[in-house]
Amino acid sequence: MNSRRPRLTSPLASMRDAVLGVLLRPFRRLSPTAQFVIGFSFLVAMTTLLLVHPLAVSNTSELYKRSLQRVIGLVVLIAATYAIAWKFTEHRAGNVALALSNKRAFALVGSAVVVQTMIMRLGFMFADGIAIQSTRAPFNDPMVWRFAVPFAAAALLVCLLVDTQLALITGLITALFAGLLSPAGIQTSMYAMISCAAAIYGIGRYRERQSVTLAGLFAGVVNAITALALIAYAQEMLAWRTVLLALGCGIASGLLTTIFTAGGLPINESLFGILTDVKLLELSNADLPALGQLALRAPGTNQHSHAVGQLAEEACRAVGANPLLARIGALYHDIGKVAAPDYFVENQHDHNPHDRLRPSQSARIITTHVTYGVKLAKEIGLPKKVADFITQHHGTRTLHFFLRKAQADAKSGDEVNEAEFRYPGPKPQFKETAIMMLADSCEAAARSLARPDPEGIREIVIRIFDAVISDGQLEECDLTLRELTTIRESIISALTAIYHARIDYPGFNPPSLTGPMPPSTGVTYATPSEVPINEGGEVEDEAVSRP
């Protein structure tokens with residue numbers, strides 16, 4: 001066995017993590033409440049500084065007092081706006097499962113609004129500058145040039161990363177702040193709100209990068225129509241120059257929305273640890289170091305992971321869970337086996353190295369693939385939702401075959417610590433990890449059958465499901481009995497399709513092999529009853545001695 005430790009991270013990634021750790025260390029020492037108060041105050045202060053620009057501060061005492069009063073009033077209004085956004089985030093997080101915690105979701109909304117306010121202020125300054133340089137209508141009208149400001153960038157970002165309803169709140173706050181910044185308050189607010197709504201509801205599920213472009217283009221078309229409507233409402237002459245400029249600025253707003261949103265997506269995905277479908281698809285790249293090392297050092301485990309991912313994906317689709325998350329989680333659930341691949345049956349050939357070890361040593365090696373996998377997941381920055389598959393796919397099950405071997409080998413009066421033969425857990429906490437636990441055992445059991453016919457597959461899958469349920473491994477996830485039945489039938493159907501019998505074609509069958517057979521991987525059993533499935537539904541092939 002090659003004991004050289006694989007390198008799964010680049011020097012640049014290691015340097016980035018070290019720098020972020022140093023910068024964020026003082027903030028992490030504070031209590032969660034203190035962190036929230038500081039973050040909330042920072043949002044209010046930054047937004048006030050950005051919005052206070054139109055409030056001219058005079059040196060005269062009377063005007064200075066009035067300006068100061070307006071600033072204080074603005075601070076109160078901004079604080080109240082963010083407080084409403086926080087309460088709505090709490091309410092939304094209590095009703096639906098968001099991609100991140102309610103505090104992190106609020107931090108994302110708040111930071112997006114601050115950056116959006118900065119973009120709007122710079123955009124208005126730029127529009128005013130262009131209008132001042134022009135002398136002919138409509139090029140000297142700053143209102144028309146302001147239609148090019150990308151008002152929907154923050155709302156679209158929140159929509160793609162978190163939730164549509166939170167995105168709508170983000171758009172509403174953006175529209176209010178745009179009205180405070182612009183002299184034409186109500187018109188600018190309406191334009192911004194319509195732009196945000198068009199971007200939010202103009203996009204489907206975020207599964208590819210071009211979704212951002214399509215949403216921006218749709219928002220651009222809506223912006224152009226809205227701009228013409230507002231010009232008509234203002235009773236301005238719709239000369240062809242005005243129409244063309246308004247249409248161009250509206251479409252430019254949509255394109256700029258795409259640019260700013262596309263630039264902010266990877267930053268916020270990484271900063272807030274958000275797992276989007278696009279990020280999941282990127283994690284499936286076989287050229288990534290972790291998957292490359294798994295395929296190179298543990299090819300049997302790699303093949304098993306892909307097969308389990310296929311089973312889990314179909315089962316998740318059948319019960320309305322996230323099939324992509326299950327498939328990607330399956331690819332990484334056994335990455336800890338790269339440390340000692342030869343000690344797992346799918347990578348073994350003629351001999352079983354566990355035959356030379358004490359049962360406690362074998363159990364330690366097998367269970368350590370979970371803890372080592374967690375360590376690797378932290379090194380490569382694997383998202384927590386994917387890393388959870390590593391810890392939860394075995395739950396808290398016990399290696400009963402090795403435990404019984406240890407009890408049989410123990411001297412009279414010696415006690416065997418069962419905890420040494422148990423996986424650290426926890427039990428599956430959500431549907432996808434529970435489904436993958438079941439698919440993992442079912443695929444391993446079906447693969448070990450010498451003749452995996454439909455009857456044998458059904459018998460062995462039912463046996464595993466009954467064992468996992470009886471062992472209490474599914475107590476902490478929200479799978480119903482109806483869903484378990486659907487999952488079971490989905491796995492049976494998928495395994496039957498994978499191992500279906502081939503038809504013999506006379507005259508086209510390969511000749512029978514003579515001489516010694518090449519070494520096979522793993523162990524096979526003639527009947528389903530011979531497969532070593534323990535009381536927790538785990539297939540313990542490693543515990544079977546081989547000549």
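The following questions and answers concern a predicted model.

Visitor: On what basis are residues numbered and values computed here?
Guide: In this predicted model, local features need pLDDT of at least 70 and side-chain atom pairs count only at pLDDT 80 or more, while totals for chains, interfaces and linings use all residues. Residues are numbered from 1 along each chain as its sequence is written, and side-chain values use heavy atoms, with hydrogens and water left out.

Visitor: How many salt bridges does the structure hold?
Guide: A salt bridge is taken here as a side-chain nitrogen of Lys or Arg within 4 Å of a carboxyl oxygen of Asp or Glu. Under that definition, the number of salt bridges in the structure is 17.

Visitor: What separates R317 and E313 along helix α13?
Guide: Helices are DSSP runs of H or I with at least four residues, and strands are runs of E with at least two, numbered from the N terminus. R317 and E313 form a salt bridge in which the closest N and O atoms are 3.4 Å apart. Because the two residues stand 4 residues apart in helix α13 (residues 299-319), their separation is about one helical turn.

Visitor: Which helices hold E313 and R327?
Guide: The side chains of E313 and R327 meet in a salt bridge with an N to O distance of 3.5 Å. The pair ties together parts that are 14 residues apart in sequence, because E313 lies in helix α13 and R327 in helix α14 (residues 323-332).

Visitor: Which residues are linked with R327 in a network of salt bridges?
Guide: R327 counts as partly exposed, at 25% relative accessibility. The residues linked with R327 in the network of salt bridges are E313, E314 and R317.

Visitor: What is the N to O distance in the salt bridge of E418 and R422?
Guide: E418 is partly exposed, with a relative accessible area of 36%, and R422 counts as partly exposed at 32% relative accessibility. Their side chains meet in a salt bridge, where the N to O distance is 3.4 Å.

Visitor: Which residues form the nonpolar patch on the surface?
Guide: Patches are made of residues with over 30% relative accessible area and no salt bridge, where like charges are joined within 9 Å and nonpolar side chains (Val, Leu, Ile, Met, Phe, Trp, Tyr) within 5 Å. Accessible areas come from the Shrake-Rupley method with a 1.4 Å probe, and for residues only the protein chains shown count as cover. Helices α9 (210-233) and α10 (240-272) each supply at least two residues of the patch. With about 350 Å² of accessible area together, the patch consists of L214, L217, I251 and L255.

Visitor: Why are α4 and α10 described as roughly antiparallel, and which hand does their crossing have?
Guide: Axes are lines fitted to C-alpha atoms, for helices over the stretch in contact, and angles run from 0 to 180 degrees between N-to-C directions; angles under 35 degrees count as roughly parallel, over 145 as roughly antiparallel, 65 to 115 as roughly perpendicular and the rest as oblique. The axes of helix α4 (residues 102-133) and α10 come within 12 Å and cross at roughly 150 degrees, and the two helices are therefore roughly antiparallel to each other. A crossing is left-handed if the near helix is turned anticlockwise from the far one by less than a right angle, and right-handed if clockwise. The crossing of α4 and α10 is right-handed.

Visitor: Which hand does the crossing of α15 and α16 have?
Guide: The axes of helix α15 (residues 359-379) and helix α16 (residues 384-392) come within 8 Å and cross at roughly 165 degrees, and α15 and α16 are therefore roughly antiparallel to each other. Their crossing is left-handed.

Visitor: Which residues does a cis peptide bond join?
Guide: Most peptide bonds are trans. P426 lies in the loop between α17 (400-409) and α18 (431-447). With omega at about 10 degrees, the residues joined by the cis peptide bond are G425 and P426.

How values were computed:
Buried < 20%, exposed > 50% of the residue type's maximum accessible area, 1.4 Å probe, protein only.
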